[in-house]
Amino acid sequence: MMNGGCLFVGMGSPYGDDCVGWVIARSIAGRLGDEFTVRCARSPAVLLDWLDNFDELHVCDAFVGNGAVGTLRGWDWPAEEIELARFQGSHDLSLPAALALAAQLGRLPAKVRVWGVAVGDHASFDSMSAVIAARASEIVDQICGALGHA
Amino acid sequence: MMSDVRTIRVKAMTRVEGEGALHIRLRNGRVEEVQLNIFEPPRLFEALLRSRAIEEVPDITARICGICPVAYQMSSVHALEHALGVEVPAELRRLRRLLYCGEWIESHALHVHLLHVPDFLGYESSLALAKDFPDEVNRGLRLKKHGNQLLEVLGGRAVHPINVAVGGFYRLPRRDELTPLVSDFEWGLQAAVDATRWIAGFDFPDFERPYDFVAVSHADEYAMCEGPIRTSDGLVIDAVDFDQHFCEQQVPHSTALQAVRRDTGRTYFLGPLARINLNREQLLPVARRLAGEIGLEQPCRNPFKSILARCIEVVQAYAEALSILKDYRPDALARVPYEYRAAAGAAATEAPRGLLYHRYEMDANGLVTTANIVPPTSQNQSQIEDDLRDYLPAVIEQTDEQIAQACERLVRSYDPCISCSTHCLKVTLERA
């Protein structure tokens, strides 16, 4: 049963620029309306536990690919660019694989948008890089604007 | 005479946890070399633990694996409590088993339905499987979700739980947090039985080996957290004596240590199939009956049937979880107090993939001075290579691609967690 709600998921980990999905989700939580449920996740596979009862899904994650570090990209699922972007993480299901599996099972909401934040091709176990940290609030503004909550 | 050399490389194995490769060299139709290449970088957890407070150990070791963090927490707290002389009361002990049930359910359900079933039905991925078997895949995902829900309620979160403490838990769940899970788990128990019956109907390769099975064992329950270590050739030892009977050794092609029996030099087999073979009588009636109904041999020496043992253990975990969920009454005591002392302690518990051994030494201020962690996948690694050497002659006439697929399928039977196994490389630094 759909309840007409929207799920916004920040994907990532506490480490380095991989945490940008969490940072964006936490910042965005207070600015979106009641129709949005905002959660953070480490593993894309958990989306399969959360999707039921939503008719719109937004996922924000760090990715490695074309574009300057700190660039925000938005793709509507399905899109070839989502397959080509390298989302962080090598274990479990990747984000594209989790979305594809949900779609195959008929459990993906009608509207799915993936927000990718371009990060450098390196692992860091410190805090976010200065470039990403400086861009975070602007990225939040961009996403909120796109969602009608500028 | 020219020798005919075929080299088969699986550069990156799929549908396993972590990153590894397989290298096989055949010469004149004979198996010359088999190497399970573990190339994930070493993670050096034992060194990271030195000088850390013992209270940090369960949360640090949980980071070794995102799939089986509870196993690392359980082996670490049991080893530390052994050193401290702490006895955990019965109700806390049951809660720990409940948490472990959650991990067995989520880990086994993931492996069975998304990683392993595609092999038996000829699909290259769970995505392809889902197209033709959506109900079965959805059922598996729902089972996995139940395991995660238990971890969230008891552990604080599904990945890397944070509620396990030396001496017990940081916070006990309220009864009203656990009882809402009962109806889901009643559904899940029947779904797990149905899934087992479905999978028992698959075709299994005809392949058996004279394994030396090793598992924790317990007279009164299906062993998870406590009990002596048993082997199928009759050895029964306390976990504290693990190092006297099993040893790790480094090989050039792997960042993970491999393990063998110290007395025989032989490889050994850990995991659900070893547990069922050694502890079948301790299964709860619903799981034991199901093992008989599907005709699981006792002992079963076919590694491909590990998937059936995994399914039986999902049923076992649901049945035990249900009994605990239904009559749970929070104890007044969340954890047992203790005093620091210079001591050593060891424990072995049963991770989803097999026996996980931890040993710690601590000083009088409660700081870790030595840590040794032996995960199941590194122990199974040389057994996997032995299996492949034995299995290859049966498929050697096939194409390289078919051989690679057959070997990957055999490796997946062990549900290897390569990330777990790579924390234990011994690094020697020489300075001129």
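This is a predicted model: local features need pLDDT of at least 70, side-chain atom pairs count only at pLDDT 80 or more; totals for chains, interfaces and linings use all residues.
In this report, helices are DSSP runs of H or I with at least four residues, numbered from the N terminus.

**A covered helix in chain B**

How well covered is α3(B)? It is mostly covered, with 16 of its 16 residues buried. Its length also makes sense: at 1.5 Å a residue, the 16 residues of α3(B), 69–84, should span 22 Å, and the end C-alpha atoms do lie 22 Å apart, so the two values agree.

**The two chains side by side**

Chain A contains five helices and six strands, while the secondary structure of chain B comes to 15 helices and 13 strands. Along the sequence, the elements of chain A come in the pattern β-α-β-α-β-β-α-β-α-β-α. The radius of gyration of chain A is 14 Å, close to the 15 Å of the globule rule for 150 residues, so chain A is as compact as a globular protein of that length. For chain B, a compact globule of 432 residues would have a radius of gyration near 22 Å, and the 21 Å of chain B agrees.

The table gathers the overall figures for each chain.

| Property | Chain A | Chain B |
|---|---|---|
| Span of the C-alpha trace along principal axes | chain A: about 45 × 35 × 25 Å | chain B: about 75 × 65 × 40 Å |
| Share of residues that count as buried | chain A: 41% of 150 residues | chain B: 51% of 432 residues |

Contacts can also be sorted by how far apart the partners are in sequence. In chain A, 78% of the contacts between residues at least 6 apart join residues at least 24 apart. In chain B, residues 24 or more positions apart account for 73% of the contacts with a separation of 6 or more.

**Helix α4 of chain A**

Now to α4(A), residues 95–104, where A:L95, A:A98, A:L99, A:A100, A:L101 and A:A102 are buried. What covers these buried residues? The cover includes β1 (5–11), α2 (47–50), β3 (54–64), β5 (86–87) and β6 (111–118) of chain A, together with α5 (126–132) of chain B. After α4(A) comes A:G106, which has a positive phi near 70 degrees.

**The largest nonpolar core**

In soluble globular proteins, nonpolar side chains tend to be buried together. Here the largest nonpolar core has 168 residues, and B:I312, B:V314, B:V315 and B:Y318 touch the most other members. Helix α12 of chain B, residues 306–327, supplies the largest share of this core, 13 residues. Leaving aside residues up to four places away in sequence, B:I312 touches B:T196, B:I276, B:A287, B:L290, B:A291 and B:L296.

**A three-stranded sheet in chain B**

Chain B also has an open sheet of three strands in the order β6-β7-β8, with antiparallel pairing. Which strands lie at its edges? They are β6 (214–216) and β8 (236–237) of chain B, each pairing on one side only. Helix α10 of chain B, residues 272–279, packs on the sheet and touches β6 and β7 of chain B; its direction makes about 70 degrees with that of β6(B). Two bridges join β7(B), residues 229–231, to β8(B), and these strands run antiparallel. Within this part of the sheet, B:I229 stands opposite B:I237 of β8(B).

Technical notes. Residues are numbered from 1 along each chain as its sequence is written. Chains are lettered from A and ligands numbered from 1 in the order in which they are written. A residue is buried if 20 or more other C-beta atoms lie within 10 Å of its own, exposed if 12 or fewer, and partly exposed in between; C-beta atoms are placed from the backbone. Two residues are in contact if their C-beta atoms, placed from the backbone, lie within 7 Å. A nonpolar core is a set of buried Ala, Val, Leu, Ile, Met, Phe, Trp, Tyr and Cys residues joined through C-beta atoms within 7 Å. Two strands pair if DSSP finds at least two bridges between them. Axes are lines fitted to C-alpha atoms, for helices over the stretch in contact, and angles run from 0 to 180 degrees between N-to-C directions. The radius of gyration is taken over C-alpha atoms; the globule rule is 2.2 Å times the number of residues to the power 0.38. The expected span of a helix is 1.5 Å times one less than its number of residues.
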